[in-house]
Amino acid sequence: FPVTITEAGFCSLGSQGSVFKSCISNGNTASFVPGSRGIGFYLSENDRYARLDSCIAQSNDGASSGTGYGIFLDGTQLSVIKNNEVYANLGGVTGYGIRDSSASSMSMFIQNFAYGNGSSSGAIVNNYDVKPSPTDTTNAFPVKIGYLTSFTGFDTANSYHNLELVEQTV
């Protein structure tokens, strides 16, 4: 683990072809040291060809001065992140449902569902943070957004879309 990680449910450091299937990572809480992280699934920069399939990452907490992650790809390459659910991964600084730290992601993300990931205060929502290309400054990511009050928005989703449920603002 890098120094700042204090708690992770599942971790793969430099593996090739790791498979996480139908796993649940719930409630990994970081210490109260600034910069600490609570992570559900952590794949390191030397990982290649990993697969996370049908897993749940819920309530992984960065505590008051850290960051929470559901699924964190820390430079992982050529991996498949499919059919996962990420809920309420929070932190005092911020939290992420699914995050790939690469400037240009080389992994595939399909059929994932994210809701309620971000800062503990609710001021920041980060369900997905994946950059498909190095020139993408907006972090645009192929996702269909649905609204909590009505679930509208999912009606045009196909079997490969990632889904994001958000609260509808007026």
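The protein has 17 strands and zero helices. Its radius of gyration is 15 Å, close to the 15 Å that the globule rule gives for 170 residues, so the protein is as compact as a globular protein of that length. The model is predicted.

**Overall dimensions and surface**

- Taken along the principal axes, the box filled by the C-alpha atoms is roughly 40 × 35 × 35 Å.
- Of the 170 residues in the protein, 46% are buried.
- The protein exposes about 8,000 Å², and 54% of this area is supplied by carbon and sulfur atoms.
- Among contacts with a separation of 6 or more, 70% are between residues 24 or more positions apart.

**Nonpolar cores**

- In soluble globular proteins, nonpolar side chains tend to be buried together.
- The largest nonpolar core here has 18 residues. Those with the most contacts inside this core are Phe-20, Phe-41, Leu-52, Ile-71, Ile-81, Ile-98 and Phe-109.
- Two or more residues of this core come from each of the strands β4 (37–43) and β7 (67–73).
- A second, separate core has six residues, including Ile-39, Tyr-42, Tyr-69 and Phe-72.
- Leaving aside neighbours within four places in sequence, Phe-41 is in contact with Phe-10, Phe-20, Cys-23, Ser-25, Leu-52, Cys-55, Ile-56, Ala-57, Gly-70, Ile-71 and Phe-72.

**Phe-109**

- Phe-109 is part of strand β12, which covers residues 106–110.
- The relative accessibility of Phe-109 is 8%, so this residue counts as buried, the cut-off being under 20%.
- Not counting residues up to four places away in sequence, Phe-109 touches Leu-73, Ile-81, Ile-98, Asp-100, Val-130, Phe-141 and Asn-162.
- Ser-36 is 73 residues from Phe-109 along the chain, and their C-alpha atoms are separated by 26 Å.

**Tyr-115**

- Tyr-115 belongs to strand β13, residues 113–115.
- Tyr-115 has a relative accessibility of 26% and therefore counts as partly exposed.
- Not counting residues up to four places away in sequence, the residues that Tyr-115 touches are Val-86, Tyr-87, Ala-88, Asn-127, Leu-148, Leu-165 and Glu-167.
- Val-166 is 51 residues from Tyr-115 in sequence, and the C-alpha to C-alpha distance between them is 6.6 Å.

Note on methods
Residues numbered from 1 in each chain as written. Predicted model: local features only at pLDDT ≥ 70, side-chain atom pairs only at ≥ 80, totals over all residues. Heavy atoms only, no water. Core = buried A, V, L, I, M, F, W, Y, C linked by side-chain atoms within 4.5 Å. Buried < 20%, exposed > 50% of the residue type's maximum accessible area, 1.4 Å probe, protein only. Helix = DSSP H or I, 4+ residues; strand = E, 2+ residues; numbered from the N terminus. Contact = heavy atoms within 4.5 Å. Rg over C-alpha atoms; globule rule 2.2 N^0.38 Å. Areas by Shrake-Rupley, 256 points an atom, 1.4 Å probe, with all protein chains shown as cover.
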